[in-house]
Amino acid sequence: MFSSIPKKFPAIVFIIVSLANLACFSGRQGRGDTVKIQGAGSSFVNPLMQKWVSEYGNINPNIRIDYQSIGSGGGVKQTRDRTIQFGATDVAIKDEEMKTADGEIIHIPVILGAVILTYNLPGVEKPLRFSPDVIADIFLGKINRWDDARIRAENPEANLPPADITVVHRSDGSGTSAVFTNYLSKVSPEWKERVGEGTSPSFPVGLGGKGNEGVTGQIKQTPNTIGYVELAYAVKNKLPVAEIKNRAGQYITPTFETVTNAAAESLADTPADLRVSITDAAGANAYPIASYVYVVTYKDLPDGRNGKALVDFLLWGINDGQSFAQPLYYSPLPQEMVKRATAKINSITHNGIALRAETTNVQ
Amino acid sequence: MSSNPNENILTGERFGAAAKKTNNILGDRIFRVVLTACGALILIIVAAMIAVMTQSSWLSIQKFGFGFLTGQTWDPIKGEFGALPFIYGTIVSAVLALLIATPISVGVAIFLVEQAPKSLARPMAFLVELLAAIPSVVYGLWAIFVLAPLLRVYVQPFLQQTLGFLPFFKGTANGIGMMSGGIILAIMITPIITAVVRDVLEAVPVTQREAALALGATRWETTKIVLANANSGIAGAIVLGLGRAIGETMAITMIIGNRPEISASLFDPGYTIASVIANEFTEATGELYLSALIEMGLILFLVTFIVNGLAKLLILSVSRQTAQSQ
């Protein structure tokens with residue numbers, strides 16, 4: 001009696017499992033034409049990537065793209081290890097890492113992001129204004145009072161409280177921190193010396209919040225705090241956003257336009273491999289804390305059919321796909337960068353033969 | 001309660017089963033093999049984890065050696081890694097949590113078993129178990145949005161005014177830090193400790209309570225006898241809670257401030273081992289950085305092992321003393 005249940009049970013489970021396997025397997029065989037592309041990386045670009053994947057899937061039902069939001073670092077690592085076909089990263093890969101990869105990796109800018117300063121100061125209505133040296137000194141802990149003369153000088157009308165400044169920064173490794181510290185390293189030699197730039201900087205002062213939501217939560221809940229978050233996140237959550245003085249001496253509010261401007265103004269200095277930092281950009285109407293999000297992939301792809309699909313997807317993304325950027329609070333690429341990125345994508349090869357050229361020949 | 005009847009029952013059963021002897025022996029063998037496999041699996045998993053983590057963190061172990069344990073700098077950009085602030089934060093937050101949670105949980109459990117009327121005990125016990133099922137990220141969000149402001153506005157200024165001369169209550173009170181971390185952990189481990197202690201107390205035979213009451217003991221004295229009997233079970237419950245407090249990641253990282261610093265003040269931010277791994281692992285680039293993070297995992301293993309061992313020893317000696325004093 002008792003023993004009959006355990007005896008039958010595994011048998012039933014076995015049958016169900018094998019049936020399920022069969023179903024999956026035959027399903028896969030049935031859709032033999034489907035090309036599967038796997039990508040992973042930046043969580044910042046994830047909402048846009050998912051939108052692209054689903055929109056592109058509607059146009060090309062035989063191409064299935066998976067994008068896993070595992071963080072830029074993981075995306076780069078898996079791309080290098082060739083476990084996925086493409087990665088997305090908020091920070092360009094460093095020279096040393098490029099050298100140790102087993103092939104040439106190319107960077108394709110796909111969209112723009114920006115980092116903004118937000119704060120919680122009850123009674124302050126108009127956006128605060130900061131110059132780069134003041135921001136650096138606040139995050140270094142050298143300016144630690146809101147009624148500091150240097151903050152007051154830039155914001156004469158603001159009702160600044162006589163209180164300590166509490167800095168809130170990201171505690172998790174993130175491209176947002178990397179872009180922000182890249183900016184600070186450019187504008188402050190002391191920051192560059194003491195802290196440097198990277199995804200997990202060791203901040204001299206402040207509290208760490210996990211993720212954009214952790215930083216925002218701590219800032220919203222604690223008066224007299226200041227911190228940095230992604231522009232997209234700030235817009236969605238209607239956070240107060242500071243105006244930042246750019247290299248041309250103008251105080252700039254971060255908008256899609258001023259962020260795209262920062263990229264456009266930096267085009268002259270953009271090297272051929274498109275790895276460029278656009279923080280502290282020149283130009284009167286350029287927001288200074290912005291960056292490209294890159295898709296990274298090997299220049300020569302091992303699988304021709306798969307590679308061709310990836311090339312087509314990326315070309316669609318930087319052209320037609322740009323229209324999905326603004327509704328999701330990303331800034332689109334400047335026109336000139338679309339051209340350069342297109343050329344970069346066209347240079348992707350399979351066994352030394354350009355994948356894009358191959359199709360034009362066939363057509 | 002002599003053991004003779006038990007033996008008789010046992011032998012009787014064995015004789016009765018003699019008819020199906022061969023079948024049963026085979027069954028017993030399979031049963032034993034399966035159970036041994038289950039036991040061995042745990043050992044294999046633990047050994048495999050230690051082996052893999054040691055191997056993956058070898059770069060960091062070689063580079064920093066013992067200094068990793070005493071180092072106080074954590075700077076991924078410059079490639080300097082030290083674990084001491086994290087070890088400190090992990091232990092202090094867990095101990096703090098235990099100090100708050102233990103008396104409350106044991107109190108709740110005693111109330112539920114010894115004092116509360118049945119109509120109240122059942123729904124309350126259910127609520128306690130419900131608390132244990134809440135995901136830790138929800139606790140973390142609650143901590144940011146409710147606990148932290150509460151501490152910042154009421155509790156911390158009060159502590160600073162009354163006990164501000166102590167080093168524990170100095171610095172800026174902004175509601176986020178070691179104290180909040182300890183409290184949120186305490187809230188999270190209370191349901192577990194309570195549930196286990198409640199079960200342990202319920203397992204103490206009613207006859208003992210009746211005997212004590214019959215001898216003229218008060219309710220308090222009766223409870224003391226019940227507690228003395230449940231000692232080792234309560235100790236187990238506390239160690240279970242400690243384990244959860246040390247390993248907790250999500251909730252505490254949202255509220256502790258994530259700052260690798262050793263400060264006596266409970267108002268200041270801290271950092272725990274589990275939190276730093278969760279925070280930095282996804283974006284860790286570079287061999288040494290990754291290797292250092294994995295070594296943190298190894299240290300967490302070690303810390304859990306040592307702290308659990310110490311807790312068991314401490315509780316054992318305390319329970320022996322109470323047993324002797326009775």
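User: In this predicted model, what makes residues of chain B count as being in contact with chain A, and how many do?

Analyst: The test is C-beta atoms within 7 Å, placed from the backbone. By that test, 26 residues of chain B are in contact with 27 residues of chain A.

User: Which elements of chain B supply at least two residues each to the side that touches chain A?

Analyst: They are β1 (74-75), α7 (136-163) and α12 (273-280) of chain B. The largest share comes from α7(B), with five residues.

User: What classes of residue make up that side of chain B?

Analyst: Eleven are nonpolar, nine polar and six charged. Gly counts as polar here.

User: Turn to chain A. Why is strand β11 (residues 290-298) called largely enclosed?

Analyst: A residue is buried if 20 or more other C-beta atoms lie within 10 Å of its own. Nine of the nine residues of β11(A) are buried, so the strand is largely enclosed by the rest of the structure.

User: How do you know which faces of β11(A) are covered?

Analyst: In a regular strand, side chains alternate between the two faces of the sheet. On one side of β11(A), Ala290(A), Tyr292(A), Tyr294(A), Val296(A) and Tyr298(A) are buried. On the other, Ser291(A), Val293(A), Val295(A) and Thr297(A) are buried.

User: What makes β3 (residues 86-89) and β4 (residues 105-120) of chain A count as paired with β11(A)?

Analyst: Pairing needs at least two bridges found by DSSP. Strand β3(A) has three bridges to β11(A), in the antiparallel sense. One of the partners is Val296(A), bridged to Gly87(A). Strand β4(A) has nine bridges to β11(A), also antiparallel. There, Ile111(A) stands opposite Val293(A).

User: Which residues of α12(A) are buried?

Analyst: Gly307(A), Ala309(A), Leu310(A), Val311(A), Phe313(A), Leu314(A), Gly317(A) and Ile318(A) are.

User: Back to chain B. What are its domains, and how far apart do their C-alpha centres lie?

Analyst: Domain 1 covers 5-56 and domain 2 covers 66-325. Their C-alpha centres lie 35 Å apart.

User: How many residues of each domain of chain B are in contact with the other?

Analyst: Four residues of domain 1 are in contact with five of domain 2. On the domain 1 side, two are nonpolar, two polar and none charged.

Key: Residues are numbered from 1 along each chain as its sequence is written. Chains are lettered from A and ligands numbered from 1 in the order in which they are written. This is a predicted model: local features need pLDDT of at least 70, side-chain atom pairs count only at pLDDT 80 or more; totals for chains, interfaces and linings use all residues. Domain bounds come from an automatic or database domain assignment. Two residues are in contact if their C-beta atoms, placed from the backbone, lie within 7 Å. A residue is buried if 20 or more other C-beta atoms lie within 10 Å of its own, exposed if 12 or fewer, and partly exposed in between; C-beta atoms are placed from the backbone. Helices (H or I, at least four residues) and strands (E, at least two) are DSSP runs, numbered from the N terminus.
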